[in-house]
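Hi,

Here is the structure I said I'd pass on.

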Amino acid sequence: VGMSIGIDIAGIIVSNYPKAENEVQTFLASLPGKKIAEIQKMGFADFGELIMTVVMKEEFQDFFKRVMKLFNR
């Protein structure tokens, strides 16, 4: 995923976070070494950095590319 697409995806996640807070926290907590309580205590900057790290992970690139195609219809 290119940096521009990564930023777009992160923006979508953050702007919709109030609607899907539990789902986003559960997903992030499913990553190795993360727990829901840890995610809930994160400051906004750390949370944003975690979102960008996930979006830019190679193993998620195909998924996020396909999601972006849906948003661009």
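This is a predicted model: local features need pLDDT of at least 70, side-chain atom pairs count only at pLDDT 80 or more; totals for chains, interfaces and linings use all residues.

**How the helices pack**

The axes of α1 and α4 come within 9 Å of each other and cross at roughly 130°. That makes α1 oblique to α4, oblique being whatever is left once angles under 35 degrees are called roughly parallel, over 145 roughly antiparallel and 65 to 115 roughly perpendicular. Axes here are lines fitted to C-alpha atoms, for helices over the stretch in contact, with angles running from 0 to 180 degrees between N-to-C directions. Helices are DSSP runs (H or I, at least four residues), numbered from the N terminus.

Residues are numbered from 1 along each chain as its sequence is written, and side-chain values use heavy atoms, with hydrogens and water left out.

Back to that pair: on the α1 side you'll find Met-3, Gly-6, Ile-7, Ile-9, Ala-10, Ile-13 and Val-14, meeting Phe-44, Ile-51, Met-52, Val-55 and Met-56 of α4 (contact means heavy atoms within 4.5 Å). By class, the residues of this contact are eleven nonpolar, one polar and no charged. For the classes, Ala, Val, Leu, Ile, Met, Phe, Trp, Tyr, Cys and Pro count as nonpolar, Asp, Glu, Lys and Arg as charged, and the others, Gly among them, as polar.

α1 also packs against α5: their axes come within 11 Å and cross at roughly 70°, so α1 and α5 are roughly perpendicular to each other. Ile-5, Asp-8, Ile-9 and Ile-12 of α1 make this contact with Phe-64, Met-68 and Phe-71 of α5. It has six nonpolar, no polar and one charged residues.

**The core**

The largest nonpolar core has 16 residues, and Val-24, Leu-28, Ile-39, Phe-47, Ile-51 and Val-54 have the most contacts inside it. Such a core is a set of buried Ala, Val, Leu, Ile, Met, Phe, Trp, Tyr and Cys residues joined through side-chain atoms within 4.5 Å. At least two core residues come from each of α1 (3–15), α2 (21–29), α4 (44–56) and α5 (61–71), with α4 giving the most, five.

**One more residue**

Gln-40 sits in helix α3 (residues 36–41). Its relative accessibility is 48%, so Gln-40 counts as partly exposed (buried is under 20% relative accessible area, exposed over 50%, partly exposed in between, with a 1.4 Å probe and protein chains only).

Cheers
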